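This briefing is intended for a reader who meets the structure below for the first time.

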Amino acid sequence: MSEGTMTRQVLLFLSFVSLSLVSGQVSYSIPEEMAKGSLVGNIAQDLGLDVKRLKSGKARIYTGDSTEYIELNKERGVLVIKERIDRETLCGQTTPCALDFQIILENPMQFYSITVEITDINDNSPVFKNSEIKFEISELAKIGSKYILEKALDDDVGINGLRDYSLSSSDTFILNPYRKGSSRNFEMVLKKHLDREKQEQLSLILTATDGGEPQLSGTILITITVLDANDNAPVCSQAEFTTKVKENSGKGTVLTTVSASDADEGPHGHITYSISNAPKGALELFEIEKESGVVMLMGKLDYEKFRHYEIDVQASDEGGNSDVCKVVIEVLDTNDNPPAINIMSASSSISEDVKPGTVLTMMNIQDPDSNENGKVHCALDENTHFTITSTSNNFFTLVTDSELDRERSSEYNITVTCSDEGVPSLSSSVTLTLQISDVNDNAPVFERSSYEANIVENNTPGLSVFTVKARDADWNQNARVSYILEDSSINGVPVSSYVSVSADSGVVHAVRSFDYEQIKDFHFRVKAQDGGSPPLSSNVTMKILIQDQNDNPPQVLYPVQTGGSLVAELVPRSADVGYLVTKVVAVDVDSGQNAWLSYKLQKATDRALFEVGSQNGEIRTIRQVTDKDAVKQRLSVIVEDNGQPSRSATVVVNVAVADSFPEVLSEFTDFTHDKEYNDNLTFYLVLALAVVSFLFITCVVVIISVKIYRWRQSRVLYHSNLPVIPYYPPRYSDTLGTGTLQHVYNYEVCRTTDSRKSDCKFAGAGSQNVLIMDPSSTGTMQRIQSEKSILDEPDSPLEVSYRLVHSFSGLFL
């Protein structure tokens with residue numbers, strides 16, 4: 001066929017292209033053998049789509065496993081020829097012949113079904129199977145004898161298919177009229193008796209022509225050998241033999257038996273069978289036994305490729321006479337093809353906050369089997385978050401069925417199983433992997449509901465105190481936690497001046513050096529905030545406890561150490577063993593064992609006379625006082641705390657051993673003025689005179705004071721400016737946490753007129769004399785409460801005089 005002729009045919013077919021748009025389906029009709037790049041149709045216009053939509057939707061053609069003959073030009077919105085289309089290769093004798101494919105769009109997902117019908121052109125000539133037909137015809141053949149000829153094959157269909165036959169000019173044979181599609185045999189008829197003596201062999205040309213334009217033809221040589229005597233041809237027992245066979249039948253299966261008879265006897269009546277005409281590929285599938293006429297299966301049948309075969313079996317005798325029997329073979333389908341799952345479009349990742357019903361995957365399921373064997377159902381293998389639905393015949397979509405949570409599962413392996421309805425059922429599976437992307441839907445959570453940390457006072461500023469830790473169940477930036485110190489105040493001071501928090505690590509640092517004596521603990525709040533948008537946060541309360549250090553030495557409250565005057569304690573020479581001279585009182589503003597004080601006698605004028613209680617600081621005599629003991633006694637007491645290392649303070653206690661005030665007065669000044677005493681005797685004489693005068697006046701005052709003794713008793717110590725010996729409970733405790741005395745003591749002092757001894761009696765809880773210390777002050781406040789008289793009886797003048805001398809002894813020194 002010339003190139004010009006082909007071009008004219010293409011233009012002729014294109015002029016009759018038909019378009020239809022029904023429910024998203026477009027159909028085109030084109031001739032075969034169109035050149036690559038030839039226009040099929042304007043698909044964008046026919047689908048009512050904008051060319052921009054084809055680009056943004058990443059339009060593409062989906063053909064499954066089939067060859068892609070047509071491609072989409074997204075720039076022009078048209079379909080063009082991609083590969084050469086041969087209708088005979090594609091469809092064989094099947095009409096109509098069409099290409100079915102889909103156009104897939106994304107964002108959102110859409111698809112359209114496209115059908116392109118391939119029309120036939122006359123590109124195949126009629127062809128005979130053999131190059132020559134040989135006949136051996138008896139000379140006794142009767143006029144009108146028919147000789148079956150080989151039919152030509154033309155792969156074209158319709159008007160381009162086989163149309164007619166013609167025989168070369170001959171006065172011996174003519175052709176019976178040929179009717180396309182008729183079940184009658186194609187025959188050559190003898191119209192004149194043969195005469196072997198005149199012509200032993202004849203040669204004729206049989207020409208087969210089609211109905212195309214231009215017309216094409218094929219020829220075969222007919223060679224006729226004239227024989228003598230065999231004048232009867234075989235006759236088939238029936239014109240058509242029909243059989244059915246399953247496509248999975250094995251090699252050697254007997255399909256049918258062709259039978260024929262010949263009236264001749266002897267060699268002229270011996271019949272042999274052969275396949276004279278068969279569809280393309282059938283000769284490899286079927287075989288007939290030459291002598292018996294048994295037709296057997298010799299190859300593998302496939303219902304999906306060919307479902308019907310028609311074979312011509314020729315029964316021939318040895319004289320060349322023959323008859324043709326038609327064998328019709330129907331192939332029965334078996335369920336031998338599992339469903340084929342083709343992923344048209346799939347999402348590999350979705351956000352965890354997508355709504356139920358979101359389309360994830362589009363699939364096309366193909367099963368080439370027929371009837372129930374080709375009906376397919378798809379299901380998911382136990383997955384509660386997804387479901388699969390059928391959108392149309394053999395098309396399925398995978399959609400979300402419920403809310404997703406990345407924190408529970410960040411990835412799903414979804415297995416789709418498709419099964420047909422055959423018996424037994426065949427199935428195929430595909431596993432889809434779906435990643436769940438994160439959204440910020442979880443706030444940070446601290447490891448503890450609250451935190452507590454200890455820090456030793458006098459710390460270095462910038463010291464790391466503790467680390468708070470919060471975790472966020474989200475991922476990446478949404479799980480990146482920052483720590484923020486919330487604004488608050490501690491005793492009117494911003495918390496940021498006390499501590500700071502590292503935004504990345506959550507480490508809490510001390511901004512300043514802490515003093516336990518000023519602040520013992522404080523609270524603040526830390527906020528953990530993630531990096532999402534918008535961010536989520538949570539709070540936690542943290543408590544810092546300041547731990548005490550032994551950074552304060554003991555402070556001696558009594559006896560008071562002054563620079564200008566000296567306090568001396570008076571001890572009568574008649575004092576017994578254990579006589580309470582005085583009590584050293586000290587405090588330590590530290591706490592705990594740092595404030596536990598112990599007392600020890602460091603130096604003494606006479607170590608054999610006095611001792612100091614290690615726990616209470618009481619100075620007592622350890623032997624009987626004698627007249628030989630010096631009047632002036634100087635004791636050095638050291639007070640130590642229990643800290644590590646310990647701190648200490650030293651106090652000097654002056655004691656006068658004397659029975660009378662003049663004796664004290666004459667000797668006591670030597671404590672501090674020994675040199676002046678030797679050089680100034682006159683001063684002492686004047687002083688003695690003053691003392692005698694004072695004693696006289698004192699006796700008068702004492703007589704008057706007896707009358708108002710009970711009133712004076714509750715206030716004498718409270719208003720006096722004289723040094724007072726405070727008595728503390730043996731378990732005195734600092735309720736505010738800054739005191740050091742851990743025991744409470746109650747002392748009841750009793751003196752009698754007939755004894756010069758001083759006895760101290762210890763009472764139970766609920767003392768009459770209590771010392772209360774204020775940790776915020778630098779001094780000591782003494783509060784003495786008297787609920788009853790110290791003595792049940794009024795003091796005698798002698799006892800009153802003794803007490804006044806004892807109390808005023810420091811006044812003159």
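Ten helices and 58 strands make up the secondary structure of the protein, as seen in this predicted model. The chain has 813 residues, of which 43% count as buried. Three disulfides are found in a search of the whole structure.

**Overall make-up**

- The accessible surface of the protein is about 42,600 Å². Carbon and sulfur atoms account for 50% of that surface.
- Contacts between residues at least 6 apart in sequence were also examined for their reach along the chain. Of these contacts, 66% join residues at least 24 apart.

- A disulfide is a covalent bond between the sulfur atoms of two cysteines.
- When the bonded cysteines of the protein are numbered in sequence order, they pair as 1-2, 3-4, 5-6.

**The disulfide of Cys91 and Cys97**

- The sulfur atoms of Cys91 and Cys97 lie 1.8 Å apart, and the two residues form a disulfide.
- This link is right-handed, because the torsion about the S-S bond of Cys91 and Cys97 is about 65 degrees.
- Cys97 has a relative accessibility of 2% and therefore counts as buried, the limit for that class being under 20%.

**The disulfide of Cys236 and Cys325**

- Cys236 and Cys325 are joined by a disulfide with their sulfur atoms 1.8 Å apart.
- The torsion about the S-S bond is -105 degrees, and the link of Cys236 and Cys325 is left-handed.
- Cys236 belongs to strand 16 (residues 235–236) and Cys325 to strand 24 (residues 322–332), so the bond ties together parts that are 89 residues apart in sequence.
- Both Cys236 and Cys325 are buried.

**The disulfide of Cys378 and Cys418**

- A disulfide connects Cys378 with Cys418, with an S to S distance of 2.1 Å.
- The torsion about the S-S bond of Cys378 and Cys418 is about 105 degrees, so this disulfide is right-handed.
- Cys378 in strand 28 and Cys418 in strand 31 are 40 residues apart, and their bond links distant parts of the chain.
- Both Cys378 and Cys418 are buried.

- Strand 28 and strand 31 (residues 411–420) run antiparallel and are joined by five bridges.
- Cys378 has Cys418 as its bridge partner in strand 31; these two cysteines are also joined by a disulfide.

- The peptide bond from Thr95 to Pro96 is cis, with omega near -10 degrees. Pro96 is placed in the loop between helix 4 (87–91) and strand 7 (97–105).
- Asn107 and Pro108 are also joined by a cis peptide bond, with omega at about 0 degrees. Pro108 is found in the loop between strand 7 and strand 8 (110–119).

**Asparagines with positive phi**

- Asn394 has a phi near 65 degrees, a positive value in a residue other than glycine. The loop between strand 29 (386–392) and strand 30 (395–400) contains Asn394. With a relative accessible area of 25%, Asn394 is partly exposed.
- Asn458 has a positive phi as well, near 60 degrees, and is likewise a residue other than glycine. Asn458 sits in the loop between strand 34 (450–456) and strand 35 (464–467). Its relative accessible area is 38%, and Asn458 is therefore partly exposed.

**Other residues**

- Leu39 is part of strand 3 (residues 39–41). Its relative accessible area of 43% makes Leu39 partly exposed.
- Leu39 and Leu79 are 40 residues apart along the chain, and their C-alpha atoms are separated by 6.2 Å.
- Cys699 has a relative accessible area of 49% and is partly exposed, because the exposed class begins over 50%.

Methods:
Residues are numbered from 1 along each chain as its sequence is written. This is a predicted model: local features need pLDDT of at least 70, side-chain atom pairs count only at pLDDT 80 or more; totals for chains, interfaces and linings use all residues. Side-chain values use heavy atoms; hydrogens and water are left out. Two strands pair if DSSP finds at least two bridges between them. Helices (H or I, at least four residues) and strands (E, at least two) are DSSP runs, numbered from the N terminus. Buried means under 20% relative accessible area, exposed over 50%, partly exposed in between (1.4 Å probe, protein chains only). Contact means heavy atoms within 4.5 Å. Accessible areas come from the Shrake-Rupley method with a 1.4 Å probe; for residues, only the protein chains shown count as cover. A disulfide is a pair of cysteine sulfur atoms within 2.5 Å.
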